[in-house]
Amino acid sequence: MRLDVHTHGKLAKKLPFSTTYTDWLFGEARRAGLDALCLTEHFNTLQFGDLYLTAVSRRVGDCLELANGLRIFPGMETDVAEGGHILSIGPLEAILELNRRLEPHKEKETFLPLADLLDLLEQYPVLVGCAHPFRGPEQPMEQLRRFHFLDLNGKDMAQDRARTQRLTQALGKQLAIPVVAGSDTHQAVQYGCISTVFARGCATVSELWGEMQAGRYTIEVADQAPFQVRAACLLKRALKEVHALG
């Protein structure tokens with residue numbers, strides 16, 4: 001199972017949700033060779049719930065399976081007061097309820113501290129990961145040890161592969177938690193720049209966690225990953241300008 005653990009279904013969180021755009025993304029994800037992805041949309045994006053409810057085709061375990069065969073693990077990316085982003089992956093109902101509970105904390109001045117957010121997430125059957133751990137400020141070790149996994153981030157790998165890989169793998173070893181890969185894409189060109197290839201398919205969060213813990217996966221980085229990330233960023237900027245022009 002080829003999985004991308006960190007993806008977005010909208011071009012930008014302040015733009016309205018578009019079924020046309022999101023359907024195109026999911027189709028391109030399949031064409032890029034992905035069997036599954038974690039849809040970790042920003043928790044304070046416009047129309048968060050619409051994005052996930054539109055993605056429902058049929059339920060297979062904790063996944064939303066589309067007509068093209070792509071499996072989507074619902075998720076969310078949440079900002080914390082200290083800086084940095086936290087990924088959570090779980091059943092649709094848990095993700096939607098968590099998003100509702102975070103409603104009072106969606107503006108920068110109201111973001112939850114990391115410890116409080118982790119307390120909240122631990123009340124739900126979700127996997128919790130540290131997104132791009134070396135892009136934000138350093139977090140206390142006692143809080144980092146509460147994560148299930150670290151995100152080997154496609155954008156960071158494209159900018160400085162050696163540094164990102166060295167630091168992320170070293171931290172994962174220190175914390176004794178898995179390091180898995182996500183593209184962090186908002187744009188279809190970026191799919192496949194990096195992915196986590198599991199030995200077997202998974203349909204539930206518990207199965208996914210079991211495979212992560214057992215280390216039955218490899219991480220693959222495309223030779224053209226830097227080009228994919230640059231191209232996606234340019235296209236994202238252009239599309240945002242097109243939207244601004246109406």
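Here we go through strands, a helix, aromatic pairs and salt bridges in turn.

Tutor: Keep in mind as we go that this is a predicted model.

Student: Let us begin with a strand. Which way do the residues of strand β7 point?

Tutor: The general idea is that side chains in a regular strand alternate between the two faces of the sheet. In β7, residues 127-130, L127 and G129 point one way while V128 and C130 point the other way. All of these residues are buried.

Student: And in which sense does β7 pair with β6?

Tutor: The pairing of β6 and β7 is antiparallel, over four bridges. With strand β8 (residues 149-153), β7 pairs in the parallel sense, over two bridges. C130 is a handy landmark: I86 stands opposite C130, and C130 also stands opposite L150 in β8.

Student: Now a helix. Which residues of α3 are buried?

Tutor: For helix α3, spanning residues 92-101, the buried residues are L92, A94, I95, L96, L98 and N99.

Student: How many aromatic pairs does the structure hold, and how do I read one?

Tutor: Aromatic ring pairs are described by the distance of the centres and the angle of the planes. There are four aromatic pairs here. In one of them, the ring centres of Y21 and W24 are 5.6 Å apart and the planes stand at 55°, so the pair is tilted. These two residues are three apart in helix α1 (residues 19-31), which means about one helical turn separates them. Y21 counts as buried because its relative accessibility is 15%, under the 20% cut-off. W24 is partly exposed, at 34%.

Student: Where else is there such a pair?

Tutor: F198 and Y217 also make a tilted pair, with centres 5.5 Å apart and planes at 50°. This one links distant parts of the chain, since F198 is in strand β10 and Y217 in strand β11 (residues 217-221), 19 residues apart. F198 is buried at 3% relative accessibility, and Y217 is buried at 18%.

Student: What about D119 and R146?

Tutor: Their closest N and O atoms are 2.6 Å apart. D119 is in helix α4 and R146 in the loop between α5 (141-144) and β8, so this bridge ties together parts 27 residues apart in sequence.

Student: And where does R135 sit when it meets D156?

Tutor: The side chains of D156 and R135 form a salt bridge at 3.1 Å, N to O. R135 is in the loop between β7 and α5, and D156 in helix α6 (residues 154-159), 21 residues apart. D156 is buried at 13%, but R135 is partly exposed at 40%.

Notes. Residues numbered from 1 in each chain as written. Predicted model: local features only at pLDDT ≥ 70, side-chain atom pairs only at ≥ 80, totals over all residues. Heavy atoms only, no water. Buried < 20%, exposed > 50% of the residue type's maximum accessible area, 1.4 Å probe, protein only. Pairing = 2+ DSSP bridges. Phe/Tyr/Trp six-rings, centres within 6.5 Å; stacked < 30°, edge-to-face > 60°. Salt bridge = Lys/Arg side-chain N within 4 Å of Asp/Glu carboxyl O.
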